[in-house]
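The exercises below ask how a protein surrounds its ligands. Please work through each task with the model open before reading the solution.

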Amino acid sequence: MEKNRKTLTTSSGMPIDNNQFSQTAGAKGPVLIQDFALVDKLAKFDRERIPERVVHAKGAGAHGYFQVTNDITKYCKADFLSEVGKQTPLFTRFSTVAGERGYADTDRDPRGFAIKFYTEEGNYDMVGNNTPVFFIRDPIKFPDFIHTQKRDPKTGLRSSQAGWDFWVQQPEAFHQLTILFSNRGTPDGYRHMNGYSSHAYKWVNADGDEHYVQYHFKTDQGIKNFTGEEATKMKSENPDYATEDLYNAIDNGNPPSWTLYVQLMPVADAETYKFDVTDITKVWPHSDYPLIEVGKMVLNRNPDNYFAETEQSAFAPTHTVPGIEPSNDRMLQGRLFSYPDTHRHRLGANYDQIPINCSYRARAAHYQRDGPLTTTSNFGGLPNYEPNTLGGPVADPKAAWSTPKVTGKVGRHDFGTPDDFVQPRALYKNVMTEEDREHLTKNTADHMMSVTKEVKEKAVKIYWQIDPDYGERVAKAVGVDAPKMAKM
Ligand code: NDP
Ligand code: HEM
């Protein structure tokens with residue numbers, strides 16, 4: 001786009017003589033199809049919307065950098081983490097999950113926390129949330145779960161019945177629900193919340209030693225949440241509260257930052273640990289695996305154009321770099337497929353060529369060619385096949401992943417009988433204050449108020465199993481007979 005050209009043109013660059021009146025055959029006659037100034041303008045307008053993200057549709061993004069502050073090379077060989085002081089440019093997008101692009105920012109929902117690191121070894125995407133756990137632990141359940149959070153197929157309305165109907169049949173969801181219905185489910189903007197990988201990933205060092213890793217991006221602004229009432233009020237006062245807050249902070253020279261810590265577990269320890277460390281409904285207790293500082297993320301530049309940058313950004317846990325690998329977390333494995341697949345649908349097969357997604361610091365070198373909207377030089381006259389004798393790029397065995405051993409029968413294996421209540425119990429009893437518990441049980445009951453008695457009773461039974469006090473408070477607030485539940 002030529003910024004300095006003063007004459008208005010069509011998209012083909014033809015000067016336009018008049019932008020106020022369409023060409024017509026006579027002053028009162030029909031509009032002419034030859035009027036490209038009009039047809040071009042209408043046709044472009046007709047195509048302005050691309051599909052919004054099927055989840056995380058509403059979001060806000062910002063540019064910044066990551067700087068290493070601690071030497072972690074004994075755990076991870078990723079080049080962008082290789083030296084204290086090393087800086088890597090990045091783009092971060094925060095989001096809500098269930099609502100559409102125009103939905104209110106302060107809705108009760110997890111918040112997406114997605115970072116694209118433009119490293120010299122290719123783009124590395126960390127696609128996390130502001131909660132360390134998730135509702136489900138198998139990707140086959142994800143579309144069903146998300147349907148419960150979307151609009152009812154008959155009424156087109158959002159309702160809490162479907163969500164609770166689904167959750168009461170997934171007791172493992174109640175850890176996430178205990179966080180979601182605490183005031184952490186309504187953060188005061190994007191600057192005052194933490195980000196977590198939620199999944200275990202794998203870090204590999206230069207000698208091939210492997211650790212499972214969990215990421216914690218802790219806000220340097222401090223945790224700040226809205227109460228349920230404040231969040232509801234803000235929905236009507238400023239539905240774009242979080243987007244505006246992030247934009248203004250950066251615009252006013254007050255760049256927000258997060259300190260990255262990791263928890264690390266030698267892969268061999270996972271064999272004997274008290275629960276499956278690749279189960280995303282669980283955290284790793286800090287007492288067993290303390291936080292180790294890695295570096296700082298600073299967001300200091302707003303996008304110049306929301307659509308070009310924030311809307312077209314495409315993150316995927318599949319976009320990784322040597323030294324960082326997926327674990328066998330089933331949810332993560334499902335996500336490895338789902339994200340590039342949805343990008344090809346939402347943005348096209350060449351989504352990687354859009355400037356915000358381009359691995360510009362690594363210079364991609366491959367034999368993929370053509371396709372809709374090829375906007376690069378398409379590798380010019382370089383060979384488009386391999387092997388070749390023409391000196392084209394070849395694979396480097398040094399980039400090989402670790403080689404975990406897999407045994408067992410193919411099948412739809414269940415998860416056994418993990419204790420899904422010990423961690424929400426610890427959160428409710430040991431971490432939360434009395435005030436937190438009051439907010440949690442009120443927020444939960446408010447959301448559950450309109451669901452059927454049968455579903456309320458099932459939910460209360462689960463809450464009671466987590467902690468009798470938790471169950472009794474929710475039961476009382478939603479009008480279900482708690483003592484009867486207690487005897488079940
Ligand atoms: P710790 O006391 O060491 O950690 C408790 C953690 O809870 C802190 O990281 C704190 O985050 C976080 N927290 C505080 N209030 C809330 C809230 N209302 N909702 C969600 N998280 C909150 O204990 P453990 O590591 O043994 O964990 C105990 C329980 O805390 C877990 O079962 C889990 O439910 C929850 N938790 C644990 C995390 C972990 O990675 N171990 C992470 C987040 C929650 P912060 O320091 O940022 O305020
Ligand atoms: C966005 C699928 C679980 C975090 C998305 C999108 C899809 C998707 C299709 C839209 C992407 C786009 O259009 O660009 C899934 C599936 C999951 C899953 C199939 C489980 C099997 C999770 C989990 C987390 C997460 C567990 C966090 C730990 C995000 C974030 C975004 C997103 C942050 C928004 C990224 C952005 O800002 O563009 N997910 N998701 N998702 N998901 Fe998931």
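**Exercise 1: the shell around ligand 2**

Sorted by class, the shell around ligand 2 holds 12 nonpolar, 10 polar and four charged residues. The model is a predicted one, and the distances below should be read with that in mind.

Task: Find which residues come closest to ligand 2, and which element gives the most to the shell around ligand 2.

Solution. Step 1: Begin with the residues that surround ligand 2, of which there are 26, the closest being R53, R93, R335, Y339 and R346.

Step 1: Turn to the polar contacts, for which a pair of N or O atoms has to lie within 3.5 Å. A polar side-chain atom of R53 is placed 2.8 Å from an oxygen atom of ligand 2, and an N or O atom in the side chain of R346 is 2.9 Å from an oxygen atom of ligand 2. The side chain of H343 also has an N or O atom 3.4 Å from an oxygen atom of this ligand.

Step 2: Assign the shell to elements. Those that contribute two or more residues around ligand 2 are β3 (111-119), β4 (122-129) and α9 (330-346), and α9 gives the most, with seven residues.

**Exercise 2: the shell around ligand 1**

Task: Determine which backbone atoms make polar contacts with ligand 1, and what percentage of the accessible area of ligand 1 the protein covers.

Solution. Step 1: Locate the 18 residues around ligand 1, among which H175, R184, N194, K218 and H286 come nearest. By class, this shell consists of nine nonpolar, seven polar and two charged residues.

Step 1: Follow the backbone. An N or O atom in the backbone of H286 lies 2.8 Å from an oxygen atom of ligand 1, while a polar backbone atom of Q423 is 3.0 Å from an oxygen atom of the ligand. For W284, a polar backbone atom is 3.0 Å from a nitrogen atom of ligand 1.

Step 2: Consider the cover. On its own, ligand 1 has 790 Å² of accessible area, and the protein covers 76% of that area.

Step 3: The elements giving two or more residues to the shell around ligand 1 are α4 (173-180), β7 (210-219) and α10 (422-431), with α10 giving the most, at four residues. In terms of domains, at least three residues of this shell come from each of domain 2 (59-137 + 179-364) and domain 3 (421-478).

Conventions
Residues numbered from 1 in each chain as written. Chains lettered and ligands numbered in written order. Predicted model: local features only at pLDDT ≥ 70, side-chain atom pairs only at ≥ 80, totals over all residues. Heavy atoms only, no water. Near = heavy atom within 4 Å. Polar contact = N/O pair within 3.5 Å; in protein donor to acceptor, adjacent residues only side chain to side chain. Nonpolar A, V, L, I, M, F, W, Y, C, P; charged D, E, K, R; others polar. Areas by Shrake-Rupley, 256 points an atom, 1.4 Å probe, with all protein chains shown as cover. Domains from an automatic or database assignment.
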